[in-house]
Amino acid sequence: MFITPAFAQTAGGQASGAGILVQMAPLVLIFVVFYFLLIRPQQKKMKAHKAKIDAVKKGDQVVTGGGLVGKVVRVDDIYADVELAPGMKVKAIKATLTDVIDPMTAKPAND
């Protein structure tokens with residue numbers, strides 16, 4: 001009395017191509033938004049950081065991953081010798097350098 005009869009859908013066979021496209025459109029849109037707002041800017045930032053670190057040369061002032069500021073004394077492909085204080089040198093892996101400080105705007109690290 002209170003229950004209405006349920007009617008099965010007609011057996012249509014396969015779903016239409018437009019129906020699948022409408023279902024996939026939001027997922028594609030989400031991926032495109034994530035790519036342009038998150039992935040692409042992060043890749044550009046990583047590329048710029050890698051170029052900055054690869055261009056480190058003797059005399060540059062750098063910040064290490066641990067937050068130490070020093071002057072580069074020697075550089076090779078993998079390592080950079082950083083002078084933290086007069087007579088105190090450490091060997092740092094170039095990949096762990098976080099920043100190269102502009103010498104025009106920074107105070108000397110070893111004073």
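# Close-up views of a predicted model

**Figure 1. Arginine 74 belongs to strand E2.** Everything shown here comes from a predicted model, in which local features need pLDDT of at least 70 and side-chain atom pairs count only at pLDDT 80 or more, whereas totals for chains, interfaces and linings use all residues. Residues are numbered from 1 along each chain as its sequence is written, and side-chain values use heavy atoms, with hydrogens and water left out. Helices (H or I, at least four residues) and strands (E, at least two) are DSSP runs, numbered from the N terminus. With a relative accessible area of 39%, arginine 74 is partly exposed; buried means under 20%, exposed over 50%, and partly exposed in between (1.4 Å probe, protein chains only). Neighbours within four places in sequence aside, arginine 74 is in contact (heavy atoms within 4.5 Å) with Tyr79, Ala80, Asp81 and Lys91. Lysine 58 is 16 residues from arginine 74 in sequence, yet their C-alpha atoms are 5.6 Å apart in space.

**Figure 2. Strands E2 and E3 make a hairpin with 3 residues between them.** E3 covers residues 79–85, and its pairing with E2 is antiparallel over 4 bridges. For two strands to pair, DSSP must find at least two bridges between them. Have a look at arginine 74 again: opposite this residue, in E3, stands aspartate 81.

**Figure 3. A charge sits over the ring of tyrosine 79.** The charged end belongs to lysine 91, 5.1 Å from the ring centre. The criterion is that NZ of Lys or CZ of Arg lies within 6 Å of the ring centre and within 35 degrees of the ring normal.

**Figure 4. Strand E1 is covered on both faces.** Gln61 and Val63 are buried on one side, and Val62 and Thr64 are buried on the other. E1 runs antiparallel to E2 (residues 69–75), joined by 3 bridges, and antiparallel to E5 (residues 97–101), joined by 4 bridges. On the E2 side, valine 63 stands opposite valine 69. On the E5 side, threonine 64 stands opposite leucine 97. The hairpin of E1 and E2 has 4 residues between the strands, and there glycine 67 takes a positive phi near 95°.

**Figure 5. Aspartate 60 sits in the loop between helix H1 (17–54) and strand E1 (61–64).** This aspartate counts as buried because its relative accessibility is 12%. Its side chain reaches the backbone nitrogen of lysine 57 at 3.0 Å. That is a polar contact: a pair of N or O atoms within 3.5 Å, where, within protein, one must be able to donate a hydrogen and the other to accept it, and residues adjacent in sequence count only if both atoms are side-chain atoms. Setting aside residues up to four places away in sequence, aspartate 60 touches Ala55, Gly70, Lys71, Val72 and Val100.

**Figure 6. Valine 100 is a residue of strand E5.** Which residues does valine 100 touch, not counting residues up to four places away in sequence? They are Lys52, Ile53, Val56, Asp60, Gln61 and Val62. Valine 100 is buried, with a relative accessible area of 19%. Valine 69 lies 31 residues from valine 100 in sequence and 9.5 Å from it in space, C-alpha to C-alpha.

**Figure 7. The structure holds 1 aromatic pair.** The rings of tyrosine 35 and phenylalanine 36 have centres 5.2 Å apart and planes at 80°, so the pair is edge-to-face. Rings of Phe, Tyr and Trp (its six-membered ring) pair if their centres lie within 6.5 Å; planes under 30 degrees apart count as stacked, over 60 as edge-to-face and the rest as tilted. Tyrosine 35 is partly exposed at 31% relative accessible area, and phenylalanine 36 is also partly exposed, at 48% relative accessibility.

**Figure 8. The protein chain has 1 helix and 5 strands.** Along the sequence, the pattern is α-β-β-β-β-β. Of the 111 residues, 17% count as buried. The accessible surface comes to about 9,100 Å², with 66% belonging to carbon and sulfur atoms; accessible areas come from the Shrake-Rupley method with a 1.4 Å probe, and for residues only the protein chains shown count as cover. Among contacts between residues at least 6 apart in sequence, 39% join residues at least 24 apart.
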